[in-house]
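The following paragraphs lead the reader through a structure step by step.

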Amino acid sequence: MGRAEATVQLKNKVGLHARPASLFVQTAKKFKAKITVRKDDKQADAKSILGVLSLGAECGHWITIIAEGEDAEDAVRTLVSLVEDRFGEAE
Amino acid sequence: MRAGPREFKGIPASPGVAVGKAYLYIRGYVEVEKKQIPREQVESEILRFKSAITMARSYIKGLADRVRSEVGEEEAKIYEAHLMILEDDAAFLHPVEVMIREQLVNAEYAVDVVLERVAKLFEEMESQYMRERAADVRDVKRLVITALKGKIDEISAPPEESVVVARELLPSDVAQLDKSKVLGFATDTGGPTSHVAIVARTLGIPAVVGLKDLSVHVRAGDIVVVDGDQGLVIVRPDRETMKKYQVKMSEKIQERLILMKYAPLQAVTLDGHAVETFANIGGMEDVDYALKMGAEGVGLLRTEFMYVNGRRFPTEEEIYSKLCQIAKKFGDKPVIVRTLDIGADKPLPYFPMPEEPNPMLGWRGIRVTLDRPEILRTQLKAILRTAKDGNLWVMFPMISTIEEVREAKEVLQEAASELRKEGKEFKEDVKVGIMVETPSAVLLARELAKEVDFFSLGTNDLTQYIMAADRGNELVSELYNYLQPSVVRAIHTVISAAHEAGIHVGMCGEMAGDPRSIPLLVGMGIDELSMVPSSIPRAKRLIRSITKEAAEKLVDRVLSARTLGEVIDVLDSFTRSIKLADD
């Protein structure tokens, strides 16, 4: 049973909202691992759009991605690079 | 990018013009009731929830596809968010299941609680964006709850003051809309006598129907012009057009003010013949307006409003209390109460009607209530009791035979004897009449007149049945015209038969409020005209501008006309010759 964790800063304009939030959730769903996103004292299931949105994570905020399960490492790596790539947004 | 102005041609349904922001009305508001379920029903309740989710998903996908192809990719994206919510296990699906399982509640309630909690949470967040997402969550909530009822229509939100644009407006939709906020109606479907058209005319709201694909091209918040005189809708008008219509709108208001002088006056011809001008009303909401417009009574009280919103048939007491409210307002003025008039085209939610290939020719009106006399009896008991304090008359709809009248009167006798047994106060001798709206009733008019105290011509159905032309079908709208010579002759036959028998004859169809037909009807000797309240002042002014003598001559000319065109020509030339009263 693997476990992985990483903290990353949101650099895209809208933060974890709208299109980026959908992309984030859709990406998380591709993995078997249980993935949690934490922002300050709030945390949410990374596969839940309502949960991710309710974090209210904006540009500049730091989020922690925690995954547990066989593909945990892969999941965290993929999600982190999605955030760092600014969700592929041209800004 | 905003698209430019666009014009749409439809069917004029209610006169006047309106300019305002579009409100896209999408159907499907539902109330949620908390119900406890037995433990053994938990699994089937969860299954029901899951299949509602499946239904909702395929509905959203369809909607997204439609919007994508008809409007654009960008606009379709909002539905992706809806779909993701429908798939959200952690925040939606799982909590609902848990709640059903642990609290033993119905799925509707669980969905309502879970998603409302999310919506509230979003609303409290700082960003504008998140507050808007709360609306998405509520849309999904409404959709799923509607799906749980077994059938999805559309999603709706409460309207602001605006022009209501819709694909179709069913009576229940119209009922839910706050009409005081509606500047105008524009619908893709419907004809001049569709429910929305009737309501619009009643309230004096401009409306255009039969606009085909209008709703696809309008976005919420677009400025829309509704020209109910021309049957025209302009979306996103240029500045000049908008100004022109705003001027027109204020002129209409001016005209209204002049006409309002006639509201309190009596409708008497220049040579002293009085015609009663009554109002058609469909609920408490119309009452004050009708009185303000100068209604001297109610020629048609549609009672369906007492039935459509509940979960079961109303009790005698419930009907009684609603009737009393209305009767009180009208005092001694006659209130003609039509008994329940339902059919496959206007069913009740709790009273399933059989699928009929031809509902207009099927089980409707008195045919239903005679087969289920307990429904009729309950209603009649309430009417008889109210008649003690008000001038209520009873009217049976959809009569085509003498037997039906006699049977209905028997049910009335039963109602009276039950009341007597129960020791309740009621009026013994109410006036009993029928709607004359089938060709059979026209041909039997002389005989029917001996059975009842009054007739009321229902020209909407009468025209449809005489012309064999569906009143909602745009393809036959030319045939569906109460000025067709055969319809006019039928009306003349009925009025003459009533007067031969010495009974009162009125009219409560559209025709009664049409300025073009009023002189003809006055000439034929109609005793009472009952119309949408907003038409009353104009009708009174018109009647005060003509003589009975001239109107009688007009009748001869119209009865010898052979075609619709000839009838219209004769009536129009008469109208042109009128010098409108200015008192």
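In this predicted model, chain A holds an open sheet of 4 strands, arranged in the order β1-β4-β2-β3 with antiparallel pairing. The edges of this sheet are taken by β1 (3-9) and β3 (42-45) of chain A; each of them has a single partner strand, so one side of each is left without a neighbour in the sheet. On average, and with direction ignored, neighbouring strands of the sheet are turned by 20 degrees against each other.

Within the sheet, strand β2 (residues 34-39) of chain A and strand β4 (residues 62-68) of chain A run antiparallel and are joined by 5 bridges. Here Ile35(A) stands opposite Ala67(A) in β4(A). A helix also packs on this sheet: α3 (residues 72-84) of chain A touches β1, β2 and β4 of chain A. The direction of α3(A) makes about 10 degrees with that of β1(A).

Attention may now turn to chain B and to its strand β7. How much of strand β7 (residues 223-227) of chain B is buried? Of its 5 residues, 4 are buried, and β7(B) is therefore largely enclosed by the rest of the structure. A residue counts as buried here if 20 or more other C-beta atoms lie within 10 Å of its own.

Two pairings of β7(B) can be followed in turn. Strand β3 (residues 17-24) of chain B pairs with β7(B) in the antiparallel sense over 5 bridges, and Val17(B) stands opposite Asp227(B) in β7(B). With strand β8 (residues 232-235) of chain B, β7(B) likewise pairs in the antiparallel sense, over 4 bridges. In this pairing Val226(B) stands opposite Val233(B) in β8(B). As a general point, strands of a sheet pair through backbone hydrogen bonds, either parallel or antiparallel. The hairpin of β7(B) and β8(B) has 4 residues between the strands, and in it Gly231(B) takes a positive phi near 70 degrees.

It remains to consider where the two chains touch. Here 13 residues of chain A are in contact with 16 residues of chain B. On the side of chain A that touches chain B, α1 (18-28) and α2 (49-54) of chain A each supply at least two residues. Which element gives the most to this side of chain A? That element is α2(A), with 5 residues.

How values were computed:
Residues numbered from 1 in each chain as written. Chains lettered and ligands numbered in written order. Predicted model: local features only at pLDDT ≥ 70, side-chain atom pairs only at ≥ 80, totals over all residues. Contact = placed C-beta atoms within 7 Å. Buried ≥ 20, exposed ≤ 12 C-beta atoms within 10 Å, placed from the backbone. Pairing = 2+ DSSP bridges. Axes fitted to C-alpha atoms, helices over the stretch in contact; angles between N-to-C directions.
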